[in-house]
Amino acid sequence: MKLKVSGAIYKLCLVLLCFGIIAACSSNNNSGTNNANKADNTADTTSNTTNAAADTTNNAATDTTTEPAKEELPEVKLTFYYPSNPPGPDQQAVNDEVNKYLKEKINATVDLKPLSFDEYDPKMNTIMASGEEFDIAWASRSWLLSYQANIDKGAFLELTDDMINKYAKEARANVPDKFWPDMKANDGKVYGFPVYQVAAKTKSLVIQKRFADKYNLDISSIHTYKDIEPFLKQIHDNEPGVVPFGLGQNSWGFFTDPSWVGTDGLAVSYKKDDPNYTILTAEQQINEKKDYYNTLHKWYEAGYINEDAPILKNFGDLKKKGNVAVGIEFTTKPGGELDEMNNNGGKEVVYAPISDTYFTGISSAMQIISKTSKNPERALMFMNLLSTDKYLYNLICYGIEGKHYTKKDENYIEPIKDSGYAPNVDWVFGDQFNAYLKAPQTADVWQKTIDLNNNAMVAASYGFSINQDPIKSELANTAAVNNEYGPALETGAVDPAEIMPKYIEKLKAAGQDKIDQEIQKQWDEWLKKQGLK
Amino acid sequence: MPLTKLDRSANYFINAFFIIVCALITLPFLLVIAVSITSEDSLVQYGYRFIPHSISFEAFRIIFIEPSIMLKGYGVTILITVIGTVIAMFLTALTAYPISRRDFRYQRPITFYVFFTMLFNGGLVPFYIMMTQYFHLKNTLAALIIPLLLSPYNILIMKGFLDKISMEIIESAKMDGATEKRIFLQMILPLSTPALATLGLFISFAYWNDWFTALLFIDNDKYVPLQLLLVRILSQIEFLANSPLAEAADKLQYANFPTLSVRMAMAILAGGPMLIIFPFFQKYFVRGITVGSLKG
Amino acid sequence: MKLGSRTGRWFKREWIYFRKNRELLVLALPGILYKLVISYFPMVGLILAFKFFRYDQGIFGSRWVGFDNFTFLFKSQDALRIIRNTLLYNFAYITLGTVVALVFALLLNELSGRMVKIYQTTMFLPYFISLVLVGYITYAFLEHKSGYLNNVLQNFGFEPHKWYFETKPWIFILPLVSIWKGVGFSTLVYYAGILGINSEYYEAAKLDGASRPQMMMRITLPLLKPLVIILFILGLGGIFRGDFGLHYFVPNNVGMNFATTDIIDTYVYRALTKLGDINSAAAVGFLQSVVGLVTIVSANYLVRRVDKESSLF
């Protein structure tokens, strides 16, 4: 008994001790965060202001000239985190060269911090969550360092129109106005600057040319997935060892319906001819796809689709063999056939588009400024240079001329093999249309891409994103359900008659109705604001 | 050195049993080795095979494309493994010993205190803040060593080993006027060599395999351990081979990249040296150190 | 007054105890301090399970949301399925793992010399292979068309199986893989435990004419009991925490086998990765820890009632 009592007391003491420590921690926390960062700031004139947001307004108020003269700018050091391949041993040399140029231009130096793709999210999340100071990072709408989620967590600094006009005017001018709303977050504000590049998508079937030629397939006659069926049958019957239609865990979902808008990845879907833009609920969408699922299942049963589609982790492994007659492609960018040829074991391919070309947004790649940045205006000036200054952009992309690449003519360069600098991530650094060309790119590849962007269909839902807060747990649970049934249905491996009712039932149990209602509500409000309803 | 032998047939039977078990266990491992030296072409065409259709050491060549970086990675890993293991073994035994003593009044609360940390942890963020902003350990070797020094699991296993030491020996040593410190250093440690060897194995494996700590705390190239290097190489290959964001020109280069063989080769390169560490600790798996021999 | 003197006496008594135990306490002190700083200080992060964490407001400044972060798990219709799977699999892994490792260790103890070392090293090999790779390896065996297992089955005239589309086989495959990967590790623990047994016990037993099996049952096993119990209780602590790698990479994340492969950790991963909701993830982790704590404290209580000496704390 005695022992028990003392045991309990000890436990209590330990608990109290812990709380004491927690309290001590909390009182230190704020000052600690600020102090710790001072050390690495070399010439920080604004260090008295504790909060970056206040900082911005201060500076915006004092700097009245639009083009601040070089001498007026105090020297600052910036930090720039971005995902990259291991750049090579000359990273520092290139960084030094960048600094030399930057110093001259905006009296700043930058610490380039490339991180590999796997470590980017965990590391950036930790850095941001711990309030560590940095200036710029690369972000995207739904891939690494996702945009809205991190805005919700208060990680990114708002880029006001004033700031952009003042410090990134030239770069902003390169981005068409009709695309700009894509940068808006749920609250209508902008928190990042786009890295402008290809921004339009078309779903296509990728067909091996040798088979298309052999069976006289008329590519122009293919408008939906269904049109390919006779061809698949021909392949299946006459070409043993060839997969007529290849799918995998990371390559599915080629449903298209010309009467829909937003079949893929957009916040809402609606019928093109619906003046009210009523959203299609998840159940409606699944039911609309019934025919598609049935077709797929038929193909699967007939042996048109590779049997291991729902368990094949990386479809590329199958494609490499060069015996997949038809595959799918989601972006269809100019010059992409070359790319595809390599992925298909060197076999020539042709694209057969089966959807509208629609705009996918410019926010798939962007640069953001951290709320912990002490020099957001200089950071923005640096971002502006990255997207407008051809020398700087190509320096950071390809390294030093003569050392890391040789110049063939005005526009073409050839990277020197194993030269010690090759991050291979042009889409991280700035406006991609400033890049030097490399063989086998054609001279008009950038112009073609820009045209593609400009001609793409911009959906009405564009610029609208869902505030997930009220339906968080429903979204989580439906995500799990979708993951369970989606791939199985989309690869034709299961019988839709049996699985679809189960799928819908489970979605409903997971709260899909609530999600649909909430989205409809937010969508209506947004439409009203836009004057569309 | 069993004291009496079982009769021979039983011995054969047990040996046969283990040979079968080991064969079954090794089988998948052989596949790893086979795939690592299979050429990409035959992997693509014939899948994973125990006997490669055509052999290629391309995967190893790719990993060692810059041998100096790899060697440095090995160097860092060996360094932290050696230093970390030595300190961690001592610290673990030191913590485990008092809580293995039944006559220690605070045995249970401290055991619970240690054990509690196995169940609950506060997540990365506060830990990261503490390591970087209070202790300023970013980009230091210490940052790679300190977080793994004292695993509650190891402490409790060690406690399990030490539980068996009979109280009589300790009592008699105390009678002779030995302090607890002396008992620990001169009796307990030598008495528990098999236990310490096991502990040493586990700890060194933990250090050897750890890359996440380095990912968090190491920014520069100076202290990047082997495992993090390998993770980075892999991430690059996967990206170039699969991501739609990678450029055509890069894909050209990587489309026929032996991703899978490289994965397997990495497992071999990372795990291989363990086969050297293993026998080192196995030397200490000896039986029969008695108190008598200590006193003598 | 009386109370005062009673507490005074209590303090005095405790003080005497403290002096008596001081030496051992000093030995434990470095470890205690280390755990305090490295493990207990960061535990402030546990409150994130009840908050909406905003980076710019910090851990303490962020808004409290009560149990909001837990709702998604309880609202899930799959809650029963994943909890059942997690508990049953973990229970299987713990018991099977313990039994197999104990048997192996006892048998190894009967052998001598070089062979033991070879067996041990071999059994340890799988420990070094990451579960991602294990996923690839099992795929090579289980793949429907060219997998080794189906080849073998067909050679013996059996029907090939579509392993990844079925639910039943996984009840056997997963524990098998788990044992394959972990048997070297746990066997080593028990083997080292046996080596640490004082050989005088065996000498005495030999003098009494005991046979090998008798010694195994009467000396080795009873003396291993504390170790077995410790490892068992430690295992129970993770009863609500599934092996993510094993259940994600090995069944290959194929929806058709979720009925028998999906566990809490894989479900949470599928539900939350897209949303990037760290608060809900923290909440699930917290819940898993609490269940672990309750399980262990009860298990420890039971052990204590039966055999006080063997309990963990």
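Student: How many salt bridges are there between chain C and chain B?

Tutor: In this predicted model, the count between chain C and chain B is one salt bridge. The partners are B:Arg105 and C:Glu14, whose closest N and O atoms are 2.6 Å apart.

Student: And how many residue pairs are in polar contact between those two chains?

Tutor: Between chain C and chain B there are 20 residue pairs in polar contact, counting pairs in which both residues have pLDDT 80 or more. On the chain C side, helices 1, 4, 5, 6, 8, 9, 10 and 14 each supply at least two residues that touch chain B, and helix 1 of chain C gives the most, with 19 residues.

Student: What is that side of chain C like by class of residue?

Tutor: The side of chain C that touches chain B has 66 nonpolar, 18 polar and 13 charged residues.

Student: What area do the two chains bury between them, and on which atoms?

Tutor: Chain C and chain B bury about 9,000 Å² between them, and 74% of that area is on carbon and sulfur atoms. Of the area that chain C buries against chain B, 8% is supplied by C:Leu24, C:Leu27 and C:Phe128, which is more than any other three residues supply. As for the residues involved, the contact takes 97 from chain C and 93 from chain B.

Student: Why give an area for an interface?

Tutor: The accessible area lost when the parts come together is often used to state the size of an interface.

Student: Back to salt bridges, how many does the structure hold over all chains?

Tutor: Over all chains the structure holds 43 salt bridges. One of them joins the side chains of A:Asp291 and A:Lys226, at 2.5 Å from N to O. This pair links distant parts of chain A, with A:Asp291 in helix 11 (residues 290–302) and A:Lys226 in the loop between helix 8 (209–214) and helix 9 (229–238), 65 residues apart.

Student: Why does A:Asp291 count as partly exposed?

Tutor: A:Asp291 counts as partly exposed because its relative accessibility is 40%, and values between 20% and 50% fall in that class.

Student: Which residue of chain C does A:Glu474 meet in a salt bridge?

Tutor: The side chain of A:Glu474 meets that of C:Lys75 in a salt bridge, at 2.9 Å from N to O. The pair crosses between chains, going from helix 18 (residues 472–490) of chain A to helix 3 (residues 71–75) of chain C. A:Glu474 is buried, with a relative accessible area of 5%, whereas C:Lys75 counts as partly exposed at 44% relative accessibility.

Student: What about C:Arg270 and C:Asp262, are they buried or exposed?

Tutor: Both C:Arg270 and C:Asp262 are buried. They form a salt bridge with each other, and their closest N and O atoms are 2.4 Å apart. Elsewhere, salt bridges that share partners join A:Asp111, A:Lys113, A:Lys123, A:Glu132, B:Lys138 and B:Asp219 into one network.

Student: Changing topic, where does the UniProt record put the domain DUF3502?

Tutor: According to the unreviewed UniProt entry, the annotation "domain: DUF3502" covers residues 462–528 of chain A. In the model that span is 75% helix and 0% strand, and its end C-alpha atoms lie 14 Å apart.

Student: Which residues of chain B are annotated as transmembrane region?

Tutor: The unreviewed UniProt entry gives the annotation "transmembrane region" to residues 12–37, 74–98, 110–129, 141–162, 183–208 and 260–281 of chain B. Residues 12–37 of chain B are 96% helix and 0% strand, with end C-alpha atoms 36 Å apart. For residues 260–281 of chain B, the figures are 91% helix and 0% strand, with end C-alpha atoms 32 Å apart.

Student: Where does B:Val86 lie in chain B?

Tutor: B:Val86 lies in helix 4 (residues 67–100) of chain B, and it is exposed, with a relative accessible area of 55%. From C-alpha to C-alpha, B:Val86 and B:Gly200 are 7.8 Å apart in space, while in sequence they are 114 residues apart.

Student: Last one: what is C:Thr138 in contact with, leaving aside its neighbours within four places in sequence?

Tutor: Leaving those neighbours aside, C:Thr138 is in contact with C:Tyr164, C:Val177 and C:Val250. C:Thr138 lies in helix 6 of chain C and counts as buried at 12% relative accessibility. A polar atom of the C:Thr138 side chain lies 2.9 Å from the backbone oxygen of C:Gly135.

Note on methods
Residues are numbered from 1 along each chain as its sequence is written. Chains are lettered from A and ligands numbered from 1 in the order in which they are written. This is a predicted model: local features need pLDDT of at least 70, side-chain atom pairs count only at pLDDT 80 or more; totals for chains, interfaces and linings use all residues. Side-chain values use heavy atoms; hydrogens and water are left out. Contact means heavy atoms within 4.5 Å. Buried area is the accessible area (1.4 Å probe) that two parts lose on being put together, summed over both. A salt bridge is a side-chain nitrogen of Lys or Arg within 4 Å of a carboxyl oxygen of Asp or Glu. A polar contact is a pair of N or O atoms within 3.5 Å; within protein, one must be able to donate a hydrogen and the other to accept it, and residues adjacent in sequence count only if both atoms are side-chain atoms. Helices (H or I, at least four residues) and strands (E, at least two) are DSSP runs, numbered from the N terminus. Ala, Val, Leu, Ile, Met, Phe, Trp, Tyr, Cys and Pro count as nonpolar, Asp, Glu, Lys and Arg as charged, and the others, Gly among them, as polar. Buried means under 20% relative accessible area, exposed over 50%, partly exposed in between (1.4 Å probe, protein chains only). UniProt positions are given in the numbering used here, feature names are shortened, and annotations may be inferred rather than shown by experiment.
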